[in-house]
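Colleague: I have a new model open and would like to learn how to read it. Could we go through it together?

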Amino acid sequence: MSLTRRNFLTRTAIGGAACAASTAASAEAREEKTLPPKALGLLFDSTLCVGCKACVVACREANGTHPEFNTEDKLWDTPLDLDADTLTVIKAYREGTGVTKDQERDGYAFMKKSCLQCIDPSCVSVCPVKAMTKNPETGIVSYNPDNCIGCRYCVAACPFGVPRFEYDKTFARLRKCELCKPRLAEGKIAACAEVCPTGATLFGPVTVLRAEAERRHKMTPGERAFFPRKTADSTDVHEKPAPHYVAETYGLTEVGGTQMQLLSGVRFEKLGMPVLPKKSFVATSETIQHTLYKGMIAPAVLFGCLLVLVRRATNNEQDKTAEHDKHVDEHKGEE
Amino acid sequence: MRMKPLGGPYITRTTIIAALMVAIMGILVLIRLCLGLQSVTNLNNGYPWGLWLAYDMVAGSAIGCGGYAVALVVYALNRGQYHPLVRPAVLASMFGYALGGVSVLIDISRWWNAWHIVWPTYFNFNSVMIEVAVCVCVYTTILMLEFAPAVVEKAVEWTGQRGGNLHALTTSVQKVLNKIIFVLIALGMTLPTMHQSSLGTMLIPFGPLLNPLWQTPVLPALFLLTALCMGYGVVMLEATLVSDRFARPSEARILGLLSRYMIGMLIAFLGIRWGALIYEDKLSSLFTSGGLSLAFLAENALYLIPVIVLWPEHRRMAPRYQFIAAMCILSGGILYRLDAYMIAYGRAGWHYFPSVPELLVTFGMIAVEVLGYVLIVKFFPVLPSVEHAHTVALATNRSVA
């Protein structure tokens with residue numbers, strides 16, 4: 001094909017579009033999300049948990065969920081996992097003889113599962129219609145059924161498997177822990193922390209909870225130690241020998257950090273908590289999305305180039321059809 | 001370019017079977033909408049996305065990329081000789097996308113709120129899904145307008161026999177349409193580039209929930225390339241089947257020429273995919289992913305076979321090899337998308353396999369496409385007239401020789 005001026009122009013235009021696209025691709029990554037100023041959360045210390053499940057019962061009362069029956073006699077509230085009807089659950093780890101508490105080998109331990117209130121929540125990022133929101137002050141991640149279309153992207157994307165949808169109802173909703181938002185408005189604390197007899201679950205500002213976790217990490221295992229109930233600064237304390245903690249606090253860095261902090265004597269992956277990188281996955285997807293669609297420049301350039309090319313091609317096409325028709329008519333005339 | 005309706009009877013064995021399947025689907029959809037997802041599907045909180053989303057929407061929209069892939073060659077590369085393939089491809093695309101959209105509507109749990117995805121005050125621009133949703137809605141409308149010339153042509157012909165004001169009206173509609181069609185066509189190439197790549201980006205938030213053989217930051221490029229490959233594949237399959245079933249002259253020459261672009265796309269896909277795998281140091285996952293390793297290798301084989309089969313010039317022009325290549329590309333592409341959205345995704349302790357009613361709904365959707373396509377090509381001028389097909393065949397023969 002010979003290089004006509006027009007060809008040259010259109011090719012230059014395409015090259016320009018490619019350049020625009022590649023400069024856009026080198027744009028900066030989305031900045032890291034930080035802890036909201038008045039972030040609230042929970043601190044769960046697995047070594048203090050005795051597995052009484054008072055928190056599960058209190059949670060039901062606070063959120064209007066119903067007992068779940070998973071034994072044949074249907075006499076026990078036995079939730080197996082988080083569910084649209086169970087917003088918190090106590091799970092147990094057991095290995096070998098299962099005799100010693102908070103020991104990985106031949107031991108057992110408990111783990112509380114509920115929403116971790118991520119600092120950079122996947123559910124909020126992926127929701128197409130702003131049904132999942134993170135409060136800019138308290139950082140509580142809430143669900144608004146009025147916005148929700150039920151695509152279940154949040155269910156699919158949560159790294160912890162927290163949001164749960166109802167599949168058996170016509171007017172289905174999503175359910176997740178919202179840190180007892182209505183109770184907080186009444187000046188109360190989260191129900192699970194309120195009822196915990198050993199202070200395994202504490203409620204409070206995340207900075208205070210992190211400091212408390214730090215204090216516990218500094219304890220010498222076996223020495224006298226004091227543990228508050230309900231909140232970290234409570235005067236209601238009990239005495240107990242300091243346990244042996246694994247080195248890290250879960251929730252400090254996982255996918256950008258969470259507002260729930262976990263302490264344990266057994267490695268977290270053994271307790272069903274996934275090993276996760278520091279950077280959230282939605283930071284990557286948002287970076288890609290906002291790079292490609294920054295100011296809609298790249299799509300607009302692509303559209304512009306295509307417009308020029310199509311205009312040229314359709315003009316040619318119409319000329320050819322006209323010629324073809326003329327040719328056919330002449331041909332018919334000859335017959 | 002002259003297109004003509006195929007004509008012939010509307011009630012045939014194919015259309016009756018398809019209509020029955022559509023009826024069964026209708027009942028199941030009604031049950032699902034009234035009684036909730038569990039009444040029809042096996043979806044659960046470990047696998048909130050199942051067959052309807054993975055096949056009907058994600059794979060279905062790529063099968064519907066025929067119009068996009070061909071338009072790119074015809075208009076962007078200015079290869080007018082491929083023009084006879086455009087209208088049937090646009091028709092198939094229209095079905096693929098419209099039905100993908102319908103599947104999403106019956107899949108979402110709170111379907112009465114579906115309008116939120118076209119209502120800007122609800123939009124969350126951080127969500128890749130809103131980009132896909134809005135873009136697909138607009139594109140489906142564009143496809144209908146792109147197909148409009150076929151409908152208007154029929155109307156002009158019909159009113160022409162009766163004359164009067166109606167004819168004047170349809171003719172002026174046709175004129176306006178002819179004037180703005182280039183905008184529609186350009187939009188029709190921009191939008192799939194956007195949402196087909198976004199379908200890949202949509203998986204990135206899943207992190208390790210998606211097997212490392214599929215999870216990669218180059219997902220948008222891979223999804224865009226599979227959309228194009230599958231687009232060419234479906235045009236090839238459709239053209240070989242139509243010439244065979246309706247005893248029409250073969251478009252083998254034209255398809256052979258088209259397949260050069262397809263081979264290029266396939267090689268690009270394989271190159272980027274394996275390149276990313278090596279760059280991210282994930283080759284070891286090939287040996288640790290169990291059954292998924294096999295699925296991964298199967299996908300790649302299905303993409304490599306067409307490259308090998310169609311590489312020599314003589315095979316590229318033969319309908320038999322074109323058919324084999326098209327089948328490989330389509331099954332490879334469908335498998336890739338089902339793997340990425342359903343099979344290679346998973347949470348420990350959960351299981352999902354579509355229920356029989358769930359499968360019947362998907363089959364029903366396919367039946368709608370078959371039924372609609374057959375009826376429309378018989379009634380509307382979609383396929384090139386036999387006389388024209390001969391001319392094109394001769395012309396391309398000459399240009400090849």
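**Reading a predicted complex**

Modeller: Gladly! Let's begin with one residue: A131(A) sits in the loop between α3 (122–126) and β5 (132–134) of chain A. Keep in mind that this is a predicted model.

Colleague: Is A131(A) buried or exposed?

Modeller: To judge that, count the neighbours; 20 or more other C-beta atoms within 10 Å make a residue buried. A131(A) has 25 other C-beta atoms within 10 Å, so it is buried.

Colleague: Which residues does A131(A) touch, leaving out those up to four places away in sequence?

Modeller: Its partners are Y143(A), N144(A), N147(A) and C148(A). As for P145(A), it lies 14 residues along the chain from A131(A), and their C-alpha atoms are 6.6 Å apart.

Colleague: And how would I describe chain A as a whole?

Modeller: Start with its elements: chain A has 9 helices and 12 strands. Among its 335 residues, 41% count as buried. Then look at the contacts with a separation of 6 or more: in chain A, 62% of these join residues 24 or more positions apart.

Colleague: Let's turn to chain B. Where is A295(B) found?

Modeller: Helix α10 (residues 291–310) of chain B holds A295(B). A295(B) counts as buried because it has 20 C-beta neighbours inside 10 Å. Beyond the residues within four places in sequence, A295(B) contacts L335(B), D339(B) and I343(B). For a pair separated in space, take A295(B) and V134(B): they are 161 residues apart in sequence, and their C-alpha atoms are 32 Å apart.

Colleague: How do I read a pair of helices? At what angle do the axes of α5(B) and α6(B) cross?

Modeller: Look at the distance between the axes and at their angle. The axes of α5(B) and α6(B) come within 7 Å and cross at roughly 155°. That angle is why α5(B) is roughly antiparallel to α6(B). Their crossing is left-handed. The residues of this helix contact comprise 25 nonpolar, 10 polar and 2 charged.

Colleague: And the interface between the chains?

Modeller: The size of an interface is often given as the accessible area lost when the parts come together. Here we can count residues instead: 52 from chain B and 49 from chain A take part in the contact. On the side of chain B that touches chain A, α1 (13–35), α3 (66–76), α5 (128–160) and α6 (165–201) each supply at least two residues. The most come from α6(B), with 11 residues. By type, that side of chain B has 32 nonpolar, 17 polar and 3 charged residues.

Colleague: How far should I trust these coordinates?

Modeller: Where pLDDT is low, the predicted coordinates should not be read in detail. In chain B the mean pLDDT is 89, with 94% of residues at 70 or more. Over residues 393–401 of chain B, however, the pLDDT is below 50, and this stretch has 9 contacts in the model beyond near neighbours in sequence. For the complex, the predictor gives an ipTM of 0.90 and a pTM of 0.89.

Conventions: Residues numbered from 1 in each chain as written. Chains lettered and ligands numbered in written order. Predicted model: local features only at pLDDT ≥ 70, side-chain atom pairs only at ≥ 80, totals over all residues. Contact = placed C-beta atoms within 7 Å. Helix = DSSP H or I, 4+ residues; strand = E, 2+ residues; numbered from the N terminus. Nonpolar A, V, L, I, M, F, W, Y, C, P; charged D, E, K, R; others polar. Buried ≥ 20, exposed ≤ 12 C-beta atoms within 10 Å, placed from the backbone. Axes fitted to C-alpha atoms, helices over the stretch in contact; angles between N-to-C directions. Parallel < 35°, antiparallel > 145°, perpendicular 65-115°, else oblique. Left-handed = near helix turned anticlockwise from the far one by under 90°. pLDDT = per-residue confidence, 0-100.
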